[in-house]
Amino acid sequence: MKIPIINSKRQYETIAQKAEAAVLDVMRSGSYILGVNNKEFEKEICKFLDVKHAVTLNSGTDALHLALRALDIGEGDEVISTAFTFVATSESIGIVGAKPVFVDIDPDTFNIDAAKIEAAITPKTKAIIPVHLYGQPCDMDTIIDIAKRHNLFVIEDACQAIGAEYKGKKVGTIGDIGCFSFYPTKNLGTMGDGGLLTTNSQYIKDRVVALRNHGGAIRYHHDEIGVNSRLDEIQAAILRVKLPYIDSWNKARREHAAYYNELFSKCDLIETPKELDNTYCVYHQYTVKIPNRDEVHQMLSDKGIGAMIYYPIPLHLQKVHAKYNFKEGMLPITEKNTKLVLSLPMFAEITKEEQKEVARTLIECVKEANSTVAV
Ligand SMILES: *Cc1c(COP(=O)(O)O)cnc(C)c1O
């Protein structure tokens, strides 16, 4: 049995009629960019997240980039974040000319270790970007407390965590700005690129509305250098069809995670994900830690089980940041976990049979790959 890490087609089939009707409506309407579907989606997602303002954008990367722009962060500034994430997080810091300062992670959650943030603050620090990786909320109380004491902004990278909660609040609404992605494989994915920035600040909202459309709130009046990051009506219409399902899809992911945990409970070589108290994790990924990971990954792939390494090279060791001379060994926990993690098939529509097959195969491969290792 071939089991992919995600099966987007299966989800499409559950909403096909509604999505196709919505897209057809857009095509027939003659309004293709930033029209009524964008406006309505912004309202609907504000309600879902319980936040005052939402601005649709072209991607999650643009949300991060324009968040920094709206806060006037740039050349000479430093932004604290994690190296255990997708490159877009630190790339956005680079795009505005600021320097990324990486803090090591908590090995249980893979998220930035809030206890280590304060030591990384300098007079140049302007903001912290916590990433709710794999759908798991960061330790936001500690992060907000540090930010308040040091007068820093908090930009949440919630691209993998739409619907996740920290102490009853949706992530992406706790800091100054939240950034979301609607890339097709995200928990709420559209059928192309898409993104969103959320904030409770009218000032930030107005800045981003202008920045996304060439730096002017009024057409053909340009106050600053902006970008073109407008969202298509087709994408917004699809998102409006999908949004009502996100809670049930996230709930299904949580049930699948619990079932994997149960299936792996008798195999000591597989470390299953942990959840913090008072959080609602939405399992964008279900990520285990295993010894001899690369060998196991290859064996799984030979057997048709789709597993992925998110992410194989931590950001401080990527060529893109070479000019900062970050050294190997600088973030020992990040580097160690990069070598252990493996994300397994996870999507709302996966069946129990498929999960059993993934678990059976993984346990078999892990045992075989580690048969010579003393346990
Ligand atoms: C997907 C993702 C992004 C970027 O989103 P795009 O819509 O692909 O630009 C940023 N940060 C994280 C953590 C992501 O997973």
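Let's start with a pair of side chains: E40 and K43 meet in a salt bridge, 3.2 Å from N to O. This is a predicted model, so keep that in mind throughout. Why can these two pair up? They sit three residues apart in helix α2, residues 36–49, so about one helical turn separates them. E40 is partly exposed, at 25% relative accessibility. K43 is exposed, at 54%.

The general idea is simple. Side chains of opposite charge can pair when their charged atoms come close. In this model the count comes to 22 salt bridges.

Here is another one within a helix. D145 and R149 form a salt bridge at 3.1 Å, N to O. They are four residues apart in helix α5, again about one helical turn. D145 is partly exposed, with 38% relative accessibility. R149 is partly exposed too, with a relative accessible area of 49%. There is also a network: salt bridges with shared partners join R69, D72, R207 and E224.

Now a pair that reaches along the chain. K126 bridges to D77, with the closest N and O atoms 2.8 Å apart. K126 is in strand β4, residues 125–128, and D77 is in the loop between α3 and β2, so the pair ties together parts 49 residues apart in sequence. How accessible are the two partners? K126 is partly exposed, at 32%. D77 is buried, at 9%.

Next, the domains. The assignment gives two pieces of chain for domain 1, 8–104 and 111–244. Domain 2 runs 245–369. Their C-alpha centres lie 24 Å apart.

How much do the two domains bury between them? About 3500 Å², with 59% of that on carbon and sulfur atoms. Three residues stand out on the domain 1 side. D104, Y134 and N187 supply 21% of the area domain 1 buries against domain 2, more than any other three residues. In terms of contacts, 41 residues of domain 1 touch 41 residues of domain 2.

What about charge pairing across that interface? The count there is one salt bridge. R10 pairs with E354, and the closest N and O atoms are 2.7 Å apart. Polar contacts are another matter: 23 residue pairs are found across the interface.

Which elements of domain 1 face domain 2? α1, β3, β6 and α7 each supply at least two residues to that side. Helix α1, residues 8–29, gives the most, with five residues. By type, the domain 1 side divides into 21 nonpolar, 11 polar and nine charged residues.

Let's stay with α1 for a moment. V26 lies in that helix. Is V26 buried or exposed? V26 is buried, at 3% relative accessible area; the cut-off for buried is under 20%. Setting aside neighbours within four places in sequence, V26 contacts S31, Y32, N37, E233, I234 and A237. V36 comes 10 residues along the chain from V26, and their C-alpha atoms are 9.6 Å apart.

Now a serine in a loop. S59 is found between β1, residues 53–57, and α3, residues 60–70. At 16% relative accessibility, S59 counts as buried. The S59 side chain reaches the backbone nitrogen of D62 at 3.0 Å. Beyond its sequence neighbours within four places, S59 is in contact with F180, G194, G195 and S229.

Last topic: backbone geometry. Most residues other than glycine have a negative phi, and most peptide bonds are trans. Here are some exceptions.

First, N151. Its phi is positive, near 60 degrees. N151 lies in the loop between α5 and β5, and at 69% relative accessibility N151 counts as exposed.

Then N278. This residue also has a positive phi, about 60 degrees, and it is not a glycine. N278 is in the loop between α8, residues 246–264, and β10, residues 279–280. At 53% relative accessibility, N278 is exposed.

And the peptide bond. Which two residues does the cis bond join? Y310 and Y311, with omega about 5 degrees. Y311 lies in the loop between α9, residues 293–302, and α10, residues 332–338.

Terms used: Residues numbered from 1 in each chain as written. Predicted model: local features only at pLDDT ≥ 70, side-chain atom pairs only at ≥ 80, totals over all residues. Heavy atoms only, no water. Domains from an automatic or database assignment. Contact = heavy atoms within 4.5 Å. Buried area = accessible area lost by both parts, 1.4 Å probe. Salt bridge = Lys/Arg side-chain N within 4 Å of Asp/Glu carboxyl O. Polar contact = N/O pair within 3.5 Å; in protein donor to acceptor, adjacent residues only side chain to side chain. Nonpolar A, V, L, I, M, F, W, Y, C, P; charged D, E, K, R; others polar. Buried < 20%, exposed > 50% of the residue type's maximum accessible area, 1.4 Å probe, protein only.
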